[in-house]
Amino acid sequence: MLLNENFLMESQWGQKLFHQFAKEEPIIDYHCHLEPQTILENKPYENLTQIWLNDRGAGDHYKWRLMRANGVPEELISGDGDDYEKFLAFVQTIEKAPGNPIYEWSHLELRRYFNIDLTIKKENASEIWYQANQKLQTDAYRPKELLKMMKVKVVCTTDDPIDDLVAHEALAKEKDSLKVLPTFRPDASWGITDEHFGEYMRKLAQCTHQKIESFTDLTQALSKRVTYFHEKGGRLADQGLNTYFYQKASETELNTILTDALQGKRDFSKKETAQFKTAIQLHLMKCYHQYNWTMQMHMNALRDDSATMKQRIGINVGGDSMGDQVNLASNLVALFSDAQEQAILPKIILYSLNPADWLPLATAMQSFQGEMIQKLQLGCAWWFNDTCEGMRNQLTVMAQQSLLANFTGMLTDSRSFLSYPRHEYFRRVLCQLLGEWVDQGRLPEDLTYLGKIVKDICYGNAYHYFGFFEE
């Protein structure tokens, strides 16, 4: 039976662990792309398409990619086509998606939010549309209520250093049980090859009330923004590195690179690009260490693969893919060693979109542990690895090379308010894996011991690791 109470779990021990320990744990979503302004406004959605697929151009890119593969016209994906026609196009796409996690997630979303247990297929489309839309007309289905429905306690959004965080400030004043906190995403600060770099530097200078003419000016401005984010509740940074190459530079070299970039130069050498990115990383690591933040490093991704798609639709619309940088670990080891020598190595979570990196990263991080519990973590199965097999792989590598019981667990990395059943999906995979190890005699038949590990991975470790609840 589709999505029965024990789906993904054949082990009886896994079933016990899920139903007794994992199922009811709250959620800390420490990395997502929800808009804080949308949470603050808390406006209702008109229909299922708006919340599920596309709301004024923003939506679930996981679903968009499948729809393109099914030949759906772009106007029914990211465009302004009729909402019901978009919904029907998605239904017909899902019918062709067995084995894809979106198939299981979409059914989970219907069941957990709307209590709709119909199979997603053309014959059921009108009934699914009607039942979901009836509920969306009620106040119980506004954004904040949807988060609380899934027992979400913390949402960490993704925010540029130049963001004013006004929405976060307003949400904090509400004294709600739900915490919506900013995450520092400084990618643009090292984007010297981007045509908008000079404009971005002017905006950064404006919001920090200082000039940015030298590399020291830039690092001072970034330090001010880290402090500002910290005052607004920020406790994490997120570096979207895509690729990373370690390369040291003198202050003179960095000043020259910055000056050239501010004057419009874009054809920097690979060495210059690496020098600038490395220097920014080291400065920010110092800032994060000072405030006891966690630095998330998202790596080995190819962005905006299709120049045509980027030109016609824009960025962040589902046109990205897995990267293939082969020497990522050696470059990170050099960076971490440098930071450790300077005593500025912060807490770090390492994510690579390419699972071939997980074992090298997991072994490398063990060389820099110490001072606290699990200072460095192997991040959860990310993006295209958000599958049953991908999650099992990541959990296994983390267990074999470090301490699985310290793992901070799942996050959504999503722009959708309906994405939180993915935590349930992860928890089922986790419990099945542990149950298998019990069945194989690799773990004791000790429900209390194993139950604590499960609860910690689902919620407790994130609660303590990030410091969201510390005054």
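Modeller: The account below takes the strands and then the helices.

The model is a predicted one. Strands of a sheet pair through backbone hydrogen bonds, in either a parallel or an antiparallel manner. Here, an open sheet is built from 3 strands, arranged in the order β1-β4-β5 with parallel pairing. As for the pairing of β1 with β4 (residues 152–156), the two run parallel and are joined by 3 bridges. Within that pairing, I28 lies opposite V154 of β4.

A further set of pairings involves β7, which spans residues 236–242. Strand β6 (residues 183–184) runs parallel to β7 and is connected to it by 2 bridges. In this pairing T183 is placed opposite L236 of β7. Strand β7 also pairs with β8 (residues 294–299), again in the parallel sense, over 6 bridges. There, D238 has Q296 of β8 as its bridge partner.

Turning to the helices, two packed helices are described by the angle between their axes and by the distance between the axes. For α12 (residues 251–262) and α13 (residues 270–291), the axes come within 10 Å and cross at roughly 110°. Because angles of 65 to 115 degrees count as roughly perpendicular, α12 is classed as roughly perpendicular to α13. On the α12 side, the contact is made by E253, L254, I257 and L258, and α13 contributes E272, Q275, F276 and A279. By residue class, this contact comprises 5 nonpolar, 1 polar and 2 charged residues.

Helix α18 (residues 421–439) can be described by its span and its burial. With 19 residues, α18 reaches 27 Å from its first C-alpha to its last, which is close to the 27 Å expected at 1.5 Å a residue. Since 18 of its 19 residues are buried, α18 is largely enclosed by the rest of the structure. The helix is followed by G441, which has a positive phi near 80°.

Key: Residues numbered from 1 in each chain as written. Predicted model: local features only at pLDDT ≥ 70, side-chain atom pairs only at ≥ 80, totals over all residues. Heavy atoms only, no water. Pairing = 2+ DSSP bridges. Helix = DSSP H or I, 4+ residues; strand = E, 2+ residues; numbered from the N terminus. Axes fitted to C-alpha atoms, helices over the stretch in contact; angles between N-to-C directions. Parallel < 35°, antiparallel > 145°, perpendicular 65-115°, else oblique. Contact = heavy atoms within 4.5 Å. Nonpolar A, V, L, I, M, F, W, Y, C, P; charged D, E, K, R; others polar. Expected span 1.5 Å × (residues − 1). Buried < 20%, exposed > 50% of the residue type's maximum accessible area, 1.4 Å probe, protein only.
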